[in-house]
Amino acid sequence: MTLLEVRGLDAGYGDFQALFGIDVDVAEGETLAMIGANGAGKTTFLRVLAGQVPTRAGSIVFDGADIARVKAHRRVGLGIALVPEGRKLFGSLTVRENLFIGAHAGRPGRWNLDTVLDVFPLIRPLLDRPSHVLSGGEQQSVAIGRALMSNPRMVLLDEVSLGLAPVVVKSLYEALPALSEGGATVLLVEQDIGQALEVASRVVCLLEGRVSLEGRPAELARSDITAAYFGLPAGAGAEGPG
Amino acid sequence: MEWLNAIVQGILLGGLFALFATGLSLAFGVMRFVNLAHGDLAILGAFVAVSVTTALGLNPFVSLVVVVPVMLAAGYALQLGAFNFTISPDPLPSILVTFGLGVVIQNALLQTYSADSRGLDVGSIEIESIKITDAIAVGWIPLITLVVAVAVLGALQLMLSRTALGRAFRAVSDDPATARLMGINDRNLYAVAMGIAFATVAIAGVFLGIRQSFGPLDGPAQLLYAFEAVVIGGLGSVWGTLVGGLLLGVAHTVGGQFEVSFGYGSGPLLGHIVFLVVLATKPSGLLGRRAE
């Protein structure tokens, strides 16, 4: 079943248009990775889905209803949770409070403090610390945990690996299957193509605000991905990035 | 003994200052909102109490049962209907709008109640006091004011630190855009905060009216003291607001000891000096969080 159906989506900031006629489908339960170079519009796309950037044209049909005009603070109640770029924990709240505030919308489901801590056991001893003293990896775990607390049907992960050591990134990605098993559909944005191809069931590549490639990792040739990533003629990208 | 008395009376006066400063501190803490009409709102609260006491024949203390909900509703509505449109990283729109609101309130009060000074009469308790030593006596009204100030600030602190609403307030204060991602309607939360701010300043206004006479144009002076208390204690810090109020109160009464040599302004003058010294040496306030 299609959980999310985006058609002809335009969006941007002020005079700058970041997305041009994006069409993307996400099936319930799949893990879709969105890849692309810096400035390709990946983060903007996630922020549009979460309601932080307004939709200029097109439709966003989530679970059968067009949510393009729904305000940001109502979308989490519908089951869309964004883990924003840069983690964005609430610095004057403790880790525990950060997790609890994730449940503010009050959606019922399997995720609560205990089940989230089962996925991220490392944050259990940190619960009563202020969130701003945590390491980057710990903060990212809390940010993902905070999103899970809302019992989302779809989790949007923005650049989980940004600024983190490879070993930390690896442990964070090991938590992804737990999200999917919990019934959540995952849409993740990643600059590290290798990482994205490893975890995703399907990949969408953005290039300068447009979809340049789409497919299953196994079916895509590395050279096609490189071409779509950098905007080279098909077949020209013999050396893969990342 | 004279000095000890001045300090005791200053702490009692500080309770009133802290009560004035509470709403200002809350609005700034939650939404970086500077309300220049805050003093006028206190006076408005006192005048509403005048109307309620005359119309219903209530004791001014009892009139709070009507005044506080009325002002709370007014704050909520005003934030939703007007102030929310001024919320931006730029503080100027909120300053302009609330400055204008202050002028409107002053003139509306002049029009409705005339320029006469008023007072709120609570009977003989006004002049009764508890004698502690021969030189020190604590008046009931100032004592009740201080107790109410501590209770209001304590309740506010408990709400902010222990409840889901308080957690949402702190989250919105940190980062409203991310708070929206959590499902928090920040605009509505701002309205709740302004409702609480109006309710507390109305209490302050009523206690001012019980303590001394007041007129429609007395708001700006109260605003000044409230601002000084907030800055001394630390912007957005609840206990800082109490400390700032008490310190300012003590400065006023201790400064008042110099009236003989410096004239009548010596109390407020020392208050301003304390304010300036704190602002110059510790701009984030005595209990303020790190400067942002």
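1. Asn151(A) sits in the loop that joins helix H5 (136-148) to strand E7 (154-158) of chain A. Helices (H or I, at least four residues) and strands (E, at least two) are DSSP runs, numbered from the N terminus. The phi angle of Asn151(A) is near 50 degrees, a positive value in a residue other than glycine. Asn151(A) counts as buried because it has 23 C-beta neighbours inside 10 Å. A residue is called buried if 20 or more other C-beta atoms lie within 10 Å of its own, exposed if 12 or fewer, and partly exposed in between, with C-beta atoms placed from the backbone.

2. A word on the source. This is a predicted model, in which local features need pLDDT of at least 70 and side-chain atom pairs count only at pLDDT 80 or more, while totals for chains, interfaces and linings use all residues. Residues are numbered from 1 along each chain as its sequence is written, and chains are lettered from A and ligands numbered from 1 in the order in which they are written.

3. How confident is the predictor? The complex is given an ipTM of 0.90 and a pTM of 0.90. Chain B averages a pLDDT of 93, and 99% of the residues score at least 70; pLDDT is the predictor's confidence in each residue, from 0 to 100. Within chain B, confidence is lowest in helix H11 (residues 259-262), at a mean of 84, and highest in helix H3 (residues 60-81), at 97.

4. Glu159(A) lies in the loop between E7 and helix H6 (166-173) of chain A. Its phi is near 50 degrees, again a positive value in a residue other than glycine. Glu159(A) is buried, with 21 other C-beta atoms within 10 Å.

5. Helix H1 (residues 42-50) of chain A is largely enclosed by the rest of the structure, because nine of its nine residues are buried. Among them are Lys42(A), Arg47(A), Phe45(A) and Leu46(A). H1(A) is followed by Gly51(A), whose phi is positive, near 90 degrees.

6. How many residues does each chain bring to the contact between chains A and B? Chain A gives 20 residues and chain B gives 14 residues. Two residues are in contact if their C-beta atoms, placed from the backbone, lie within 7 Å. On the side of chain A that touches chain B, the elements that give two or more residues are helix H2 (72-78) and helix H3 (95-102) of chain A. That side divides into 10 nonpolar, eight polar and two charged residues. Here Ala, Val, Leu, Ile, Met, Phe, Trp, Tyr, Cys and Pro count as nonpolar, Asp, Glu, Lys and Arg as charged, and the others, Gly among them, as polar.

7. Leu110(B) belongs to helix H4 (residues 92-113) of chain B. Leu110(B) is partly exposed, with 13 other C-beta atoms within 10 Å. Not counting residues up to four places away in sequence, Leu110(B) touches Ala115(B) and Pro216(B). The C-alpha atoms of Leu110(B) and Pro216(B) are 5.8 Å apart, although the two residues are 106 residues apart along the chain.

8. Helix H5 (residues 140-162) and helix H8 (residues 186-211) of chain B pack at an angle of about 175 degrees, with their axes 11 Å apart. H5(B) is therefore roughly antiparallel to H8(B). Axes are lines fitted to C-alpha atoms, for helices over the stretch in contact, and angles run from 0 to 180 degrees between N-to-C directions. Angles under 35 degrees count as roughly parallel, over 145 as roughly antiparallel, 65 to 115 as roughly perpendicular and the rest as oblique. The contact includes Ile141(B) and Val148(B) of H5(B) and Ile203(B) and Phe207(B) of H8(B). By class, it has six nonpolar, two polar and one charged residues.

9. Helix H6 (residues 164-174) of chain B also packs with H8(B), at an angle of about 115 degrees and with the axes 11 Å apart. That makes H6(B) roughly perpendicular to H8(B). The contact is made by Ala168(B), Phe169(B) and Val172(B) of H6(B) with Asp186(B), Leu189(B) and Ala193(B) of H8(B). Five of these residues are nonpolar, none polar and one charged.

10. The axes of helix H9 (residues 219-233) and helix H10 (residues 238-256) of chain B come within 7 Å and cross at roughly 120 degrees. H9(B) and H10(B) are therefore oblique to each other. The residues in contact include Tyr225(B) and Glu228(B) of H9(B) and Leu247(B) and Leu248(B) of H10(B).
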